[in-house]
Structures are given as C-alpha cells and as structure tokens.
Amino acid sequence: MHKNVTLRLARQNRGLYQEVRRILQVNKEERHLRGGMATRRKYHPERSAQ
C-alpha cells in the first residue's frame with residue numbers, strides 16, 4: 001500500500017510526497033522499538049511502567 005500511495009503521490013503532488021516519505025521513513029526506523037515495547041508490555045506488564 002505504501003508504495004502504491006507514494007508512487008501516485010509523486011506524480012501528483014511533489015511537496016506532499018516528500019513530506020509523506022519523511023514520515024514513513026521515521027516509522028520504518030522506529031517500528032522495531034515499538035514492537036519491543038509491545039512485547040515487554042505483553043509478557044512483563046510490571047516492567048512496562050518503568
């Protein structure tokens with residue numbers, strides 16, 4: 001989905017495309033951290049408050 005949206009957006013609105021790409025890149029860089037936090041909350045809820 002992301003690729004489809006970004007390809008269409010690149011052709012139609014270059015400024016918005018660049019903004020979306022930056023946001024998607026940040027998400028991609030941080031998703032392993034969010035996954036780790038979710039796992040910690042699931043298996044160690046007492047430690048998630050720290």
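Trainee: How many salt bridges does the count come to?
Mentor: The count comes to one. Keep in mind that this is a predicted model.
Trainee: Which residue does E30 pair with?
Mentor: E30 forms the salt bridge with R34. Their closest N and O atoms are 3.8 Å apart. That qualifies because the cut-off is 4 Å.
Trainee: Where do E30 and R34 lie?
Mentor: Both are in helix α2. Four residues separate E30 and R34, about one turn of the helix.
Trainee: New topic, the fold. What does the secondary structure come to?
Mentor: Two helices and zero strands. Helix α1 covers residues 2-12, and helix α2 covers residues 14-43.
Trainee: What is the radius of gyration of the protein?
Mentor: It is 16 Å. A compact globule of 50 residues would come out near 10 Å.
Trainee: What does the C-alpha trace span along its principal axes?
Mentor: About 50 × 20 × 10 Å.
Trainee: What share of the residues counts as buried?
Mentor: Of the 50 residues, 8%. The protein exposes about 4,700 Å². Carbon and sulfur atoms supply 51% of that area.
Trainee: Let's take single residues. Where is I23?
Mentor: I23 sits in helix α2.
Trainee: Why does I23 count as partly exposed?
Mentor: Because its relative accessible area is 48%, and exposed needs over 50%.
Trainee: How far is I23 from R41?
Mentor: Their C-alpha atoms are separated by 25 Å. Along the chain, I23 and R41 are 18 residues apart.
Trainee: What about Q25 and V5?
Mentor: Q25 and V5 are 20 residues apart along the chain, with 14 Å between their C-alpha atoms. Q25 belongs to helix α2. At 35% relative accessibility, Q25 counts as partly exposed.
Trainee: Last one. Which helix holds A10?
Mentor: Helix α1. A10 has 24% relative accessibility, so it counts as partly exposed. Buried would need under 20%.
Trainee: And how far is A10 from R21?
Mentor: The C-alpha atoms of A10 and R21 are separated by 9.8 Å. These two are 11 residues apart along the chain.

Methods
Residues numbered from 1 in each chain as written. Predicted model: local features only at pLDDT ≥ 70, side-chain atom pairs only at ≥ 80, totals over all residues. Heavy atoms only, no water. Buried < 20%, exposed > 50% of the residue type's maximum accessible area, 1.4 Å probe, protein only. Rg over C-alpha atoms; globule rule 2.2 N^0.38 Å. Areas by Shrake-Rupley, 256 points an atom, 1.4 Å probe, with all protein chains shown as cover. Salt bridge = Lys/Arg side-chain N within 4 Å of Asp/Glu carboxyl O.
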